[in-house]
Every structure is written in structure tokens, then in C-alpha cells.
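Q: I have a structure to look at and would like to learn how to read it. Can we go through it one feature at a time?

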Amino acid sequence: MAYATVDDLEARYGELPSEDARTQASVLLDDAATYLDGVVAVDPSDEHQAGALRMVSCAMVNRSMEAARSETYGVSNASYTMGPFSQSATFFNPSGDLYLTSGERQLLGVGGSRIGTIRPVIGGRHA
């Protein structure tokens, strides 16, 4: 079940241009919920978390749809030359994948640092 509706998405990012875009957004919101279910321990009684999941779902879907819709959205590096006419651009999400930013991970309380140790094996024995 999605954490946000197409209406939530449109309230944040503007009206979608067509019924096909609304259908795509609905499918992507379901996909975003599946993604989030895999990384967040969801507490159905936590209203703050529900709001964060709604906000993050909309942001994920907006990034995905904008990457497919725009020629310049998501450009992380651009280079232009006047003579003999050269232009290049590097995109950070060219295929429109759903992903979480570091700020969204922090908001949802996922990720973070881990510390561990590995015992070296020297000559077949632990050192």
C-alpha cells in the first residue's frame, strides 16, 4: 500500500500533465512504498513517521518522473564549448531510479555508520 496518493504528489509538485502521467505516478508511489518497506521499520501508530513516509514517497516519485520528463533535470556536471561546438552533460540519475537522499535517510532514521572488527587470519590461524 502506498504512503502517498497522486493528489499528495500534485499538491507538492504541481498538476501532472496527463492521465497517463497520473497512472504512472500511482504505480511509482506503490513502488516507492515497496522500497521504503524494505528499509524502514514502519510503525502504523506513528503519525510523524507516516508524514515523513508520505513526504519522502512524493519526493522519490517526483525525482523519478522529472528525470524521464526533462532534458536538464538531474545534471550533475555540464560542459559547453563555443567553437567547434561541443556540449556534454552527466546525469546523476539518468534512468529515473527511485532512491533516498542522505537527508531523507536521516529523516526516516535509516542508514548511519557502523563499526566492526575483523580478526586477521595469518598462516591458517587467527592472530
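Q: Which backbone oxygen does the side chain of arginine 63 reach?
A: A point to keep in mind is that this is a predicted model. In it, the side chain of arginine 63 comes to 2.6 Å from the backbone oxygen of tyrosine 99. Arginine 63 itself is part of helix α3, which covers residues 47-69.

Q: Is arginine 63 buried or exposed?
A: The cut-off for buried is under 20% relative accessible area. Arginine 63 has 10%, so arginine 63 is buried.

Q: Which side chain meets arginine 63 in a salt bridge?
A: The general idea is that side chains of opposite charge can pair when their charged atoms come close. Here the partner of arginine 63 is glutamate 104, with 2.9 Å from N to O. This pair links distant parts of the chain, since glutamate 104 is in helix α4 (residues 102-108) and arginine 63 in helix α3, 41 residues apart. Glutamate 104 has a relative accessibility of 10%, so glutamate 104 counts as buried.

Q: How many salt bridges are there in the whole structure?
A: A search finds three. One of them joins aspartate 7 to arginine 22, with 3.5 Å between the closest N and O atoms. Aspartate 7 is in helix α1 and arginine 22 in helix α2, so this pair ties together parts 15 residues apart in sequence. Glutamate 10 also forms a salt bridge with arginine 22, where the closest N and O atoms are 2.5 Å apart.

Q: What is the nearest side chain of opposite charge to aspartate 8?
A: For aspartate 8, in helix α1, that side chain is arginine 54, 4.0 Å away. Aspartate 8 is buried yet has no salt bridge. Setting aside residues up to four places away in sequence, aspartate 8 touches Arg54 and Cys58.

Q: Which residues have the most contacts inside the largest nonpolar core?
A: In soluble globular proteins, nonpolar side chains tend to be buried together. In this model the largest nonpolar core has 24 residues, and those with the most contacts inside it are Leu36, Val61, Met65 and Leu108. Two or more residues of this core come from each of α1 (6-13), α2 (19-39) and α3.

Q: Which residues is leucine 108 in contact with, leaving aside its neighbours within four places in sequence?
A: Leucine 108 is in contact with Leu36, Val40, Ala52, Leu53, Val56 and Leu100.

Technical notes:
Residues are numbered from 1 along each chain as its sequence is written. This is a predicted model: local features need pLDDT of at least 70, side-chain atom pairs count only at pLDDT 80 or more; totals for chains, interfaces and linings use all residues. Side-chain values use heavy atoms; hydrogens and water are left out. Helices (H or I, at least four residues) and strands (E, at least two) are DSSP runs, numbered from the N terminus. Buried means under 20% relative accessible area, exposed over 50%, partly exposed in between (1.4 Å probe, protein chains only). A polar contact is a pair of N or O atoms within 3.5 Å; within protein, one must be able to donate a hydrogen and the other to accept it, and residues adjacent in sequence count only if both atoms are side-chain atoms. A nonpolar core is a set of buried Ala, Val, Leu, Ile, Met, Phe, Trp, Tyr and Cys residues joined through side-chain atoms within 4.5 Å. Contact means heavy atoms within 4.5 Å. Lys and Arg count as positive and Asp and Glu as negative; His and the chain ends are not counted.
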